[in-house]
Amino acid sequence: MFIYTAAQMKRVDEHTVQVQQISSWELMERAAQAVVKKLLLRFSEEKPFVLICGKGNNGGDGLAIARILHKAQRKVLVYLLEDNKYSKDNFHNQKLLSDLAIPIHFFRKQDRWRIPDVAILVDCLFGYGLQHTLDSDWQPLIDMINTAATIVAVDLPSGLLTDEHTPETAPVVHADYTYTFHAPKIALLFPENQERVGAMKVVDIQLSGDAVNREELPYEYISPAMLQQHWKSREHFSHKGTYGHVLVAGGSYGKIGSIVLSSKAALRAGCGLVTAYTPQCGYGIMQTAFPEAMVLTDPALDCITDLPRAKKYAAIAIGMGIGQEHETVAALAKWLRDEYAVMPPLVIDADGLNILSMHPQLLGSVPDYSILTPHPKELERLIGSWDNDFDKWYRTRMFAQQYKLIVIIKGAHTAIVLPDGRTYFNSSGNPGMATAGSGDVLSGIIAGLLAQDYSAEEAAMMGVWLHGHAGDLARRDLGMESLIAGDLIAYLPKALMELHPRG
């Protein structure tokens, strides 16, 4: 599922009309029918719908939605922004409402009225065509809309810009649900807009595949169907060596649990062998907590002062719980330089990233297409502070391009940024995963996939989705508040089974 800019969405809409030989009104009717289907499924009780419609095609969508709801015998109240120039399809839908004797209440932006307490308000004031933030004159109207008990935004919450940052002070509808057409828009995926977007649902309106293929689309929304195209089936005569040997290197006194989690996740993700490399204080813990792993120990008791040769492993995850002792920093620097030429696919997490941010000269020794998995503070240390989520994304893309690395921006729609600027946004996961050790599990999953000869790009996007989907499966049984990192590993087998092309 590709992600579109506003300009691209407009071109795809227009080309769909040409290719499918339909009118723009017929495409609008299709979109309205699809939204009404969602509304009736979600709001089965007999509550009235209040449609707030603008002068353009988003308002035309709202008028069509009102008519279809009326025909479904649902009570509708229609409010239309007064203007001397409506879009052609908007005006046509006004006439159709009039023919059915459905009243239209025209309003100006300074007008106020009471929204029924139990009503579902459907926001169709502005869509993806909005090109600038709304000025303060719109604030009272938006504030009134935001008093509704339940708000459903059609395509985008009104006032939200599609492709750029919308200031916190700008008037924007705060929706409970956003039904966006065809595919997510960039603004809907960033944390800064969470309170404005609510729960996002994608509404399929059957746009032309030919129209979609004409566009250069560097941003994509991860779906199971997309990942299934990369799935590697197991051969009947395979053995544990077939699926790769992962090295998980990290841990320090009091932080051995991090590599226990990563090691378990790597093996659960399907690799054949796992070796954990820890300080000596971790030996007994690893052997007891995870007997399926092999264990190598550092010469030092409490921290890592040396690292093993890299070339015997199929993939390596490093940095979890490793600490920032002077000896550890020196060991990591030496290891990156000495093993650069023979380094297998590499995942760097946690203090491994903090060491890189404190010693940026080491970034030149990190092999191309290594995968960095920072949490927000670790990311800030790497790329510097940002003004907003769009700025964070831009800075991360510049960093990934400069060092030829894959960088994962963790969040509600975790972003996987590639060195060529392409970005994958994740569709799975929930807030219950904001818990200690969750990132260690992610690093282990990705390393386990890398060892099975998935490319770095495939392992990153598949690992992020599996991690999130395991969390979603755990949430169904355990809720969000009680979810812990070990639950993600426990539900990883079910997530993998659901991803398997044969189910």
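Predicted model: local features only at pLDDT ≥ 70, side-chain atom pairs only at ≥ 80, totals over all residues.

Reader: What is the order of the strands in the open sheet?

Author: The sheet has seven strands with parallel pairing. Its edge strands are S3 and S7 (199-203), each of which pairs on one side only. From one strand to the next the twist averages 20°. The order is S3-S2-S1-S4-S5-S6-S7.

Reader: How many bridges join strand S1 to S2?

Author: S1 covers residues 49-53, and S1 and S2 run parallel. Within this pairing, Phe49 has Val76 of S2 as its bridge partner. The number of bridges joining S1 to S2 is five.

Reader: Which residue in S3 is the bridge partner of Val78?

Author: Strand S3 spans residues 104-107 and runs parallel to S2, with four bridges joining the two. The partner of Val78 in S3 is Ile104.

Reader: Is strand S2 mostly covered or mostly open, and how many of its residues are buried?

Author: S2 runs over residues 76-81, and a residue there is called buried if its relative accessible area is under 20%. By that cut-off S2 is mostly covered, and the count of buried residues is five of six.

Reader: Which helix makes a β-α-β unit with S2 and S3?

Author: A unit of this kind is also made by S1, helix H3 (residues 57-71) and S2, and its hand is right. The unit that holds S2 and S3 is right-handed. Its helix, residues 88-99, is H4.

Reader: Which residue in S7 does Tyr177 stand opposite?

Author: S6 and S7 run parallel and are joined by five bridges. In S7, the residue opposite Tyr177 is Ala199.

Reader: What angle does the direction of helix H2 make with that of S6?

Author: Helix H2 (residues 24-42) packs on the sheet. The strands that H2 touches are S1, S4 (120-124), S5, S6 and S7. With the direction of S6, the direction of H2 makes an angle of about 150°.

Reader: How many residues apart are Asp155 and Lys185, which meet in a salt bridge?

Author: The structure holds 15 salt bridges. In the one between the side chains of Asp155 and Lys185, the N to O distance is 3.2 Å. The pair links distant parts of the chain: Asp155 lies in the loop between S5 (150-154) and S6 (177-181), and Lys185 in the loop between S6 and helix H6 (194-197). Their separation is 30 residues.

Reader: Are Asp155 and Lys185 buried or exposed?

Author: The cut-off for buried is under 20% relative accessible area, and for exposed it is over 50%. Asp155 and Lys185 are both buried.

Reader: Why are Asp338 and Lys334 separated by about one helical turn?

Author: These two residues form a salt bridge, with the closest N and O atoms 2.7 Å apart. Asp338 is partly exposed at 45% relative accessible area, and Lys334 is partly exposed at 48%. They are about one turn apart because, in helix H11 (residues 326-339), their spacing is four residues.

Reader: In which helix are Lys377 and Glu380 three residues apart?

Author: The side chains of Lys377 and Glu380 meet in a salt bridge of 3.3 Å, N to O. Lys377 is partly exposed at 49% relative accessibility, as is Glu380 at 28%. Being three residues apart, they are separated by about one helical turn, and the helix, residues 376-383, is H13.

Notes: Residues numbered from 1 in each chain as written. Heavy atoms only, no water. Buried < 20%, exposed > 50% of the residue type's maximum accessible area, 1.4 Å probe, protein only. Pairing = 2+ DSSP bridges. Right-handed = clockwise from strand over helix to strand, strands pointing away. Salt bridge = Lys/Arg side-chain N within 4 Å of Asp/Glu carboxyl O. Axes fitted to C-alpha atoms, helices over the stretch in contact; angles between N-to-C directions. Contact = heavy atoms within 4.5 Å.
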